[in-house]
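Reader: I'm new to this one. Can you walk me through it in short answers?

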Amino acid sequence: MSDILLSVIIPTYNVEKYIVECVDSLLRQVKSPNEILIVNDGSTDRTLALLEQNYAHLPQVKIITTENAGAGHARDVGIEAARGQFLFFCDPDDVVTDGLVTELAIVAEKHPETDLFCFNSSVYRDGQIDVTSPKVRHDIFGQQKPQEVLLHLLRNGRYTSAAWSYIVSRRVVEQHKLRFVKRVHEDHNFTLSAFIKSQQAWVSRHVYYKQRIRHGSLTNSTKSNEFFYQRYDAFMHAWNTLTGSQVKSAWRSQLEKAYLVHSFRLMIYLSLYNGTPVPEYVINAIRFMGQNVKTENFKEWLLFNRPELFITLQHYKVKKELKRAA
């Protein structure tokens, strides 16, 4: 087993305004021999210059430059170079709060079987780091089965496929050959696989990650038809992983239903907040994949049996929220 506990992997592209704040938040707690692998994905601004100027001399920082190929490819490059027992995929415009590495080290020593280290996170608007709202919010803590953690997140509406929302054991990544592979929405299948393939999880009560919402980022911009199709394709890829990963059982049926409800609602809301119609292929998928779902309440029944009416009702809700926000 490696003497290095943690490898932080940061895919980095044209983030000269944010990268120093991100890396500095990590350096407060990531000491050598732990490592920070910054994969410069062909940046054309001052990102690389700032990295070399501020961090090239530090023993725990390694800067790798590749041709521009997307965040997924950059993370995969980082995986190949990583030497730590655990991998943490941090986005270059976000901030990590103190205590993460300390708690991870304690958990790894007391519970060496841990594959997945989960924690809470928050979001903030660029320039207002002290004004946050919850993002990922767990409601079970301590040692847990990863699939149970996943189910709770899906049911409470706080699941995100973002690769920064957990730390995963490198042995799981290598044993199951998990990679992001150069795809848009590349983290959907990777994150779901991490929860499904892991054997033991630890869930912290603390908020260790702050996601920045900035103007012009993919999270906060108008989305194209291609975006929605690629998002749907990523969902289908993850769905195939989920349905093919476990023996058919009542437990797997619960997880599958929760994933469908979460995914379809999210795809609907993405379209409505974007001001565009929900794609017909999404509506058809809801009808087809929901045929055998045992619904437990009226909302679920409406989603799978009358998706157009469900969408219409949610449209009114979104219009009110957008008006209130304006």
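Reader: Where does Ala74 lie?
Author: Ala74 lies in helix H3. Helices here are DSSP runs of H or I with at least four residues, strands are E runs of at least two, and both are numbered from the N terminus. This is a predicted model, where local features need pLDDT of at least 70, side-chain atom pairs count only at pLDDT 80 or more, and totals for chains, interfaces and linings use all residues. Residues are numbered from 1 along each chain as its sequence is written, and side-chain values use heavy atoms, with hydrogens and water left out.

Reader: Is Ala74 buried or exposed?
Author: Ala74 counts as buried because its relative accessibility is 0%. Buried means under 20% relative accessible area, exposed over 50%, partly exposed in between (1.4 Å probe, protein chains only).

Reader: What does Ala74 touch?
Author: Pro11, Val39 and Asp41, leaving aside residues up to four places away in sequence. Contact means heavy atoms within 4.5 Å.

Reader: And which residues of H3 are buried?
Author: In H3 (residues 71–81) they are Gly72, Ala74, Arg75, Asp76, Gly78 and Ile79.

Reader: What covers them?
Author: The cover includes strands E1 (6–12), E2 (35–41) and E4 (86–89), plus helices H6 (170–175) and H7 (187–197).

Reader: New topic. How many residues has the largest nonpolar core?
Author: It has 58 residues. A nonpolar core is a set of buried Ala, Val, Leu, Ile, Met, Phe, Trp, Tyr and Cys residues joined through side-chain atoms within 4.5 Å. Helix H9 gives the largest share of this core, ten residues. Phe89 is one of the residues with the most contacts inside this core.

Reader: What does Phe89 touch?
Author: Among its contacts are Ile9, Arg75, Ile79 and Phe190, not counting residues up to four places away in sequence.

Reader: Back to H7. How do H5 and H7 cross?
Author: The axes of H5 (residues 146–155) and H7 come within 7 Å and cross at roughly 130°. Axes are lines fitted to C-alpha atoms, for helices over the stretch in contact, and angles run from 0 to 180 degrees between N-to-C directions.

Reader: Which residues make that contact?
Author: Pro146, Gln147, Val149, Leu150 and Leu153 of H5 meet Leu192, Phe195 and Ile196 of H7.

Reader: And H9 with H11, at what angle do they cross?
Author: The axes of H9 (residues 250–274) and H11 (residues 298–305) cross at roughly 70° and come within 11 Å.
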